Amino acid sequence: MPQEMGTHRSAAAMTEQVALKSLLADNTMDSAPELAWTEPDGSIRCVACGHRCKVFEGKTGVCRVRFNEGGRLRVPSGYVAGLQIDPIEKKPFYHVHPGADALSFGMLGCDYHCGYCQNWVTSQALRDNQAVSLPRFCDADDLVRLAESHGVPVIVSTYNEPLITADWAMRVFQPARQRGLLCGFISNGNATPEVLEYIRPCVDLYKVDLKGFDDRNYRRLGGTLQNVLDTIRRLKEMAFWVEIVTLVVPGFNDSDEELTRIAEFIAGVSPDIPWHVTAFHPDYKMTDPGRTPAETLTHAHAIGRSAGLRFVYAGNMPGGVGDCEHTHCPQCQAVLIRRTGFTVREDRMRDGCCPDCGTSIPGVWGNGGRVSSRWRVPRAVDLG
Ligand code: SF4
């Protein structure tokens, strides 16, 4: 691109970003009191995520979406920046209503800045001029009505980090829960005890990205390893249904040692936590490593099983990882749920148990599986 054109684009992008910030600043509400404490010096301590920012008058926190205005912490409200119906397997939850759909909404911003983020257009919208994603304004009830009108049993906060927009998620989840919907967070796990207590009355499902086991790498992404490990332990203690994903990036976190440490940690918390090892593809700023080979995923799968995990899944490579996409009975090894990518081909579960040997399989199973002969893909939905 000629320099002059690049300069114009850059100036235009900066103007768009200023306009976006102003637009978002108008769509806020006061933080939930559980997540904002007034400090003796008049600043506000935000405890919505593990950064625990001390936010001074006129300033934002690390996430850039929560800010101190006149001694009140203002937080995002009343919009979505991503909205669609996804197969629940895309979240991924493999032990929750197999074959079901999940209404998936996201806002803007993140407390991390991962160079390989696959949702960077929404997560980095307030940090990167190239990330352009426009909000659509709505009420919390609009989303619940949408889920009901499409017969969707699950609603999840995803696409950006839900912890930093937990107050709005709870506005959606409170009526959703009353209507019998299951609610979930798709999160990096950089939580606090306070925010988990705050969401627990409505949130049952929690997916954590455990991005590796190297604290130096975690700090490059914007977090700390220990806080994510603490969150995973706490989630289990608080009886959330937890599934964990590790995006396996060649040269970043794919050594046997690192994968073994991850698997042993999860097994130490509970061998019943499903661990998803998923394939990386070059994205955003991380374009050097190639795609994760299928052999790396099947090897990671074997490491997980050797560490004692009873449910390990290789993902993002439909049909390319043998039987590593399926759910097996850990007792008799029978295939219980057969998948290709997001599509459930066969569901043999009976009342949450193996039909062959009767072993109880941990999960949130609902009223039986929904098998599909068609390729399941995300669907756009309209707020009307
Ligand atoms: S959500 Fe996290 S990053 Fe944002 S202000 Fe609160 S503590 Fe800071």
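I am working from a predicted model.

**Entry 1**

I looked up the strand order and got E2-E3-E4, an open sheet of 3 strands with antiparallel pairing. Strand E2 (36-38) and strand E4 (54-55) are the edges, each pairing on one side only. I then checked how strand E3 (residues 44-46) meets E4: 2 bridges join them, and they run antiparallel. Arg-45 has Lys-54 in E4 as its bridge partner.

**Entry 2: the ligand**

Where does the ligand sit? I found it in the largest cavity. I listed the residues around the ligand, and four cysteines are among them: Cys-46, Cys-49, Cys-53 and Cys-63. The list also includes His-51, Arg-52, Arg-66 and Ile-164. Sorted by class, the shell comes out as 7 nonpolar, 2 polar and 2 charged residues.

**Entry 3: strand E8**

Next I went to strand E8 (residues 82-87), which is mostly covered, with 5 of its 6 residues buried. I wanted its partners. Strand E9 (residues 101-106) pairs with E8 in the antiparallel sense over 6 bridges, and there Gln-84 stands opposite Ser-104. Strand E20 (residues 379-380) also pairs antiparallel with E8, over 2 bridges. In that pairing I noted Ile-85 with Arg-379 as its bridge partner.

**Entry 4: aromatic pairs**

How many aromatic pairs does a search of the whole structure find? I got 7. I wrote down two of them.

Phe-105 and Phe-173 have ring centres 6.0 Å apart and planes at 65°, so I logged the pair as edge-to-face; the cut-off for that is over 60 degrees. Phe-105 is in strand E9 and Phe-173 in helix H4 (residues 166-178), so this pair ties together parts 68 residues apart in sequence. I checked burial too: Phe-105 is buried at a relative accessible area of 1%, and Phe-173 counts as buried at 0%.

For Tyr-112 and Tyr-218, the centres are 6.4 Å apart and the planes at 80°, so that pair is edge-to-face. Tyr-112 lies in the loop between E9 and helix H2 (120-123), and Tyr-218 in helix H6 (residues 215-221), so the parts tied together here are 106 residues apart in sequence. Tyr-112 is buried, with a relative accessible area of 1%, and Tyr-218 counts as buried at 1%.

How values were computed: Residues numbered from 1 in each chain as written. Predicted model: local features only at pLDDT ≥ 70, side-chain atom pairs only at ≥ 80, totals over all residues. Heavy atoms only, no water. Pairing = 2+ DSSP bridges. Helix = DSSP H or I, 4+ residues; strand = E, 2+ residues; numbered from the N terminus. Near = heavy atom within 4 Å. 1 Å grid on protein atoms, 1.4 Å probe; cavity = no way out; pocket = protein on both sides within 12 Å on 5 of 7 lines; lining within 4 Å. Sits in = over half its atoms within 2 Å of the grid points. Nonpolar A, V, L, I, M, F, W, Y, C, P; charged D, E, K, R; others polar. Buried < 20%, exposed > 50% of the residue type's maximum accessible area, 1.4 Å probe, protein only. Phe/Tyr/Trp six-rings, centres within 6.5 Å; stacked < 30°, edge-to-face > 60°.
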